[in-house]
Amino acid sequence: MSASTDVPAPSRRWPALLGLAALVLLAVLTVLAGRPAAPVAADAPASVFSSGRAMDHIERLAAAPRTPGSEHHAATREHLVDLLTSWGWRTEVQREVGAAVGDGGTQRLAAVSNIVATLPGTDPTGTVLLAAHYDSVPNSPGAADDGIGVGTLLETARAIGAGGAAPRNDLTMLITDAEEVGLLGAEAFVRHHADELGTAVLLNHEARGNAGTPTTFRTTSPNGALLEVLSHAPGTVANSAFEAAFESLPNDTDVTRFTEGGLHSYDTAITGGGAYYHTPLDTPERLSESSVQHMGRASLAMTRELAAADLAAVPAAGEDLVITLPWGPVPYPQAAEGPLAWVLLGLAAVAVGLARRRRELTLPRTALATAGTAVALVAAGAAAFAVWQVAVALDPGQASAFAGVPYRPEPYSAALLLAALGAVLAVHALLRGPLGTAALAAGGWVVFAVLGVVAATTMPGVSALLVPPVLPVVAGAVVTGLLPRGWEPARVVVLVLSLVPAVLLLAPDVINSFHVDLEFGGVLGALLLAVLVWSALPLLGRLRSGRARTPLRAAGAPVLGIALVAAVTAAGLVANRPEFTPPRQERVFYSVDADTGTAHWASPITPRTDWGRSLLPEPPAVLDEAFPWLDDEPLAHGPAPAADLPAPELHVVADRPLPDGTRELALRLVSPRGATALGLWIDGDQAAVRAATVAGRDLDLGAGGDFGFIFAGAPRRGLDVRLVVDPHHEALTVRVADRGHDTRAVPGFRAPDDVALVTPAVAVTRTRTL
């Protein structure tokens, strides 16, 4: 059939229209089915997980920020230990020095106090650990990050204890410290205690927002047994492609360290409400209780199953991929990833051949249609990206300080989806005349199949996002190509049924992508929507009217689409105006040089408010003298008043030459003002540091060069440091700093009521010559 006759009869439109309506309804129902579970009240039976009881714990936990070394951090630790002990768990506090190894630049260390509570098993084959961290970032109550994790652990521990019967395997509640300053509690636990556990399966609980359905975004290898347990738990969500998406974000969790220690791990988090992440607004009343219930219900079910399982089988299990359907995760062998992708490519070739035999397309047109498909995908992603960039350019202050999203992202999500949909349909409208809908659909099959093969061979796991939903679509195209021409109703039924898996898989992923952010996540959601719409072209092509299109009608649709996107974007701008949302966010650091009296305000982000711009009028520059722990990071900055704060003290306890010409220094670093973090830096042109020990922890010096560390939770009496240096000069110049977070120490400083101050820092620096 030539392209000019690619117009359906009216009798073909109604079945296609009904089928399309059914698919849209299915997409809506699938998305709604994925919402978090309803909360369960505190008077629920003792054996079930109750978000009401968990919220009671979270409210106490999130009464104040819990930075290492702070009073509430210590009080929280004591409370958790007392609570777990009262429930019959064998509880201890493991005090170590954690260090971030191999990161380069300033080394991050902390005095960590991990809480470890154990319920011994009757016939253990290994250990089941539930993990979360109890520290928070400065100036944030941390109700979600990671109050949701600690609340889940406590309510799970209570429910398990209420069951009466002892578990088969050892159960451990691992509540780590100093996650926010570099995963340091997890590093210390793995370094000192991982070998004691035998086969260990760990469930980690995290948050990058304060709402949404918890998602298991990565598991360790081998994961066959882990995914089998995950698929049995209620309401769990996972996709093997999520791990690649996570790795593209500037975030990390304790699972990175647990994996290095050989623990078999799940990493689960909520990501909705990202504007509240790491802010003073991460409070219990803003945390979704439904998300707490959803996470806890699944975690309790998985813990009970793992507690009774033969954990010795976990290391020998296979490697699987996973997708999620409305009834739960569906694992399939990773060995099938490549073959499935090649099967998809083969079916695409068969479908193209059958359509060619039916004279619905030609090979040259199909070749051009593959380029058209690529154009449609790029146009969808670019349109979505452009909408958010325009919105944030018009009002930069609406983007949050960490996740870069507004408090009310829903209108923008709708605008991005409308823009992507419009871009895809516009490309189809432009190309269906010269190429025909059948050729364009065939071009999509080929492009998606090739992308699936490329993903399967170069990025294991990523094909799970594309191959499972598209494979039934192309299989349906093969079936319709084999049906007689007169069987039009049957062909429509096959087309609709072949799109059902794509709708079930892609519709939730489209929506969930926007929980990541509106930049990367928005583009990903737009691309997934484009795949879904392009896959439906054989059905959409049957909706065309046979009437000739006048220039006015031809121009009307895109004009209306652009107007609709603009209107919804404008609604987002209005909904996110300062007077309609919580306070705008600013990140502000302060530093004063005790030697010169020079002081700076600085921020790693562009100022969001007029107040922020008044503090930080200068363009980004490196201020390593003032903020040495930031390692050449450009900072927006401005002059600040010099606060009369006592300088950190560096006491030389011992200084002696060694036979090899190096110099050994025993130092004590003290903060007279009681700052919770202390640091020391030596430029590589001053000396080569050959060995370093801080608070008893030997540091990995890597390739050498500049040396520096920042130590969180430093003891009030001071920090003991031992250095072996190869000096390049007779005198050694050392830069020291202490860092706190109470901006009230700066004279006259007060953030306006309509500004939320995010992770502030107040530092005093000085230079010592030894």
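Buried here means under 20% relative accessible area, exposed over 50%, and partly exposed in between. The model shown in these close-up views is predicted.

**Figure 1. Salt bridge between E488 and R542.** The closest N and O atoms of E488 and R542 are 2.6 Å apart. Both residues are buried. E488 belongs to helix 15, while R542 sits in the loop between helix 17 (537–540) and helix 18 (551–575). By the rule of a Lys or Arg side-chain nitrogen within 4 Å of an Asp or Glu carboxyl oxygen, the count for the model comes to 23 salt bridges.

**Figure 2. Salt bridge between R735 and E625.** The closest N and O atoms of this pair are 3.6 Å apart. R735 lies in strand 22 (residues 733–740), and E625 in the loop between strand 13 (618–622) and strand 14 (634–639). These are distant parts of the chain, 110 residues apart. R735 has a relative accessible area of 9% and is therefore buried. E625, at 53%, is exposed.

**Figure 3. Salt bridge between D738 and R673.** The two side chains meet with an N to O distance of 3.0 Å. D738 lies in strand 22 and R673 in the loop between strand 16 (663–670) and strand 17, so the pair ties together parts that are 65 residues apart in sequence. D738 is buried, with a relative accessible area of 0%. R673 is partly exposed, its relative accessible area being 24%.

**Figure 4. Salt-bridge network of R53, E155 and R158.** Salt bridges link R53, E155 and R158 in a network. Side chains of opposite charge can pair when their charged atoms come close.

**Figure 5. Patch of negative charge on the surface.** The patch gathers D631, D632, E633, D683, D685 and D706. D683 lies in the loop between strand 17 (677–682) and strand 18 (687–694). With 43% relative accessibility, D683 counts as partly exposed. D631 is placed in the loop between strand 13 and strand 14. D631 is also partly exposed, with a relative accessible area of 35%.

**Figure 6. Positive phi at D631 and T759.** Most residues other than glycine have a negative phi, and most peptide bonds are trans. D631 is not a glycine, yet has a positive phi of about 50°. T759, likewise a residue other than glycine, has a positive phi near 40°. T759 is found in the loop between strand 23 (755–757) and strand 24 (761–769). At 9% relative accessibility, T759 counts as buried.

**Figure 7. Cis peptide bonds at D145–D146 and S221–P222.** The bond from D145 to D146 is cis, with omega near 5°. D146 lies in the loop between strand 3 (127–133) and helix 4 (147–162). A cis peptide bond also joins S221 and P222, where omega is about -5°. P222 is in the loop between strand 6 (215–219) and helix 6 (224–232).

How values were computed. Residues are numbered from 1 along each chain as its sequence is written. This is a predicted model: local features need pLDDT of at least 70, side-chain atom pairs count only at pLDDT 80 or more; totals for chains, interfaces and linings use all residues. Side-chain values use heavy atoms; hydrogens and water are left out. Patches are made of residues with over 30% relative accessible area and no salt bridge: like charges are joined within 9 Å, nonpolar side chains (Val, Leu, Ile, Met, Phe, Trp, Tyr) within 5 Å. Accessible areas come from the Shrake-Rupley method with a 1.4 Å probe; for residues, only the protein chains shown count as cover. Lys and Arg count as positive and Asp and Glu as negative; His and the chain ends are not counted. The place of a charge is taken as NZ of Lys, CZ of Arg, CG of Asp or CD of Glu. Helices (H or I, at least four residues) and strands (E, at least two) are DSSP runs, numbered from the N terminus. Buried means under 20% relative accessible area, exposed over 50%, partly exposed in between (1.4 Å probe, protein chains only).
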